[in-house]
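Subject: Structure handover: salt bridges and aromatic pairs

Hi,

Here is the structure for your set. Please load it first, then read my notes below.

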Amino acid sequence: MNLFDIKGKIALITGSTHGLGMSMAHGLGLAGATIIVNGNSSQQKIDDAVAHYKEAGINAVGYKFNVSDEKAVITAISKIESEVGPIDILINNAGIIKRVPLVDMDVEEFKQVVNIDLVSPFIVSKHVVKGMMERKAGKIINICSMMSQLGRNTVGAYAAAKGGLVMLTKNMATEWAKHNIQVNGIGPGYFATTQTAPIRVDGHPFNDFIVNRTPAAKWGDPDDLAGAAIFLSSKASDFVNGHILYVDGGILATIGKPSNED
């Protein structure tokens, strides 16, 4: 029935030069989508990422732009759709985190996190969805977090933004479903990436906490996100709207186990 077929689709994944954004983009690319690589730190990182995708046989094109700059977003989307084609799939993945206790956090730092993690998905979606509305089809995926549901020390601004992103996702779904556009979210758990490598060692307190806190008793493999991204990008999810799919090994399903349990 080809429910999961995304061959020929064009997918824009913001923040897709590294990390989980790259993992999701890689999965979509191997499934046959053309990948629009986005980043803002440097053109070299975008070029390196495009080369990485192409080595895997993925059709990829890179565009450097700041997702929090509305004028830059408008220009980039217009350029993408004229040079590559209409955007069928949008994954709002770009984000930042600042680990500062709220009482010590500068207001400008708080605003910066909210601007990138919450306002930017609104900006990019607003201007991508217009073409989707005309075509009466589209998939938007907002990358949320377990911090969309839970608090944790030093990540108050991030949690506030990711919690807001859940409600933004639901409201986007509410307004755009009538145009045959599905808007959903993915909430990743803790994954084995290059960024987490230094703490993913036996005996490290945070590594032990994650392994013991996760029913699956391990860190996630970044490739585990590909299935969720493909599902929410394909016909298989055509009647799924306003949903947040948590890919966390079961962390949010449990209160955890007592210290005296194996």
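I start with E108. This residue is exposed, at 56% relative accessible area. Keep in mind that the model is predicted.

E108 has a charged partner. Its side chain meets that of K111 in a salt bridge, at 3.9 Å from N to O. K111 is partly exposed, with a relative accessible area of 49%. Both residues sit in helix 4, which spans residues 107–135. They are 3 residues apart, about one turn of the helix.

How many salt bridges does the structure hold? The count is 6.

D5 and K7

D5 forms a salt bridge with K7. The closest N and O atoms are 3.9 Å apart. That passes because the cut-off is 4 Å. K7 counts as exposed, at 63% relative accessibility. D5 is partly exposed, at 34%.

K139 and D238

Here the N to O distance is 2.8 Å, between the side chains of K139 and D238. This pair links distant parts of the chain, 99 residues apart. K139 lies in strand 5 (residues 138–143). D238 lies in the loop between helix 7 (224–233) and strand 7 (244–247).

Is K139 buried or exposed? K139 counts as buried, because its relative accessibility is 6% and the limit for buried is under 20%. D238 is partly exposed, with 29% relative accessible area.

The bridge also belongs to a network. K139, K235 and D238 are linked in it by salt bridges.

Aromatic pairs

A search of the whole structure finds 4 aromatic pairs. One of them joins Y190 and W219. Their ring centres are 6.2 Å apart. Their planes meet at 85°, so the pair is edge-to-face. The cut-off behind that label is over 60 degrees.

Where do the two residues sit? Y190 is in the loop between strand 6 (181–188) and helix 6 (205–213). W219 is in the loop between helix 6 and helix 7. The two are 29 residues apart, and the pair links distant parts of the chain. Both Y190 and W219 are buried.

Which residues do the ring pairs link into a cluster? They are Y190, F206, F209 and W219.

Best wishes

Terms used. Residues numbered from 1 in each chain as written. Predicted model: local features only at pLDDT ≥ 70, side-chain atom pairs only at ≥ 80, totals over all residues. Heavy atoms only, no water. Buried < 20%, exposed > 50% of the residue type's maximum accessible area, 1.4 Å probe, protein only. Helix = DSSP H or I, 4+ residues; strand = E, 2+ residues; numbered from the N terminus. Phe/Tyr/Trp six-rings, centres within 6.5 Å; stacked < 30°, edge-to-face > 60°.
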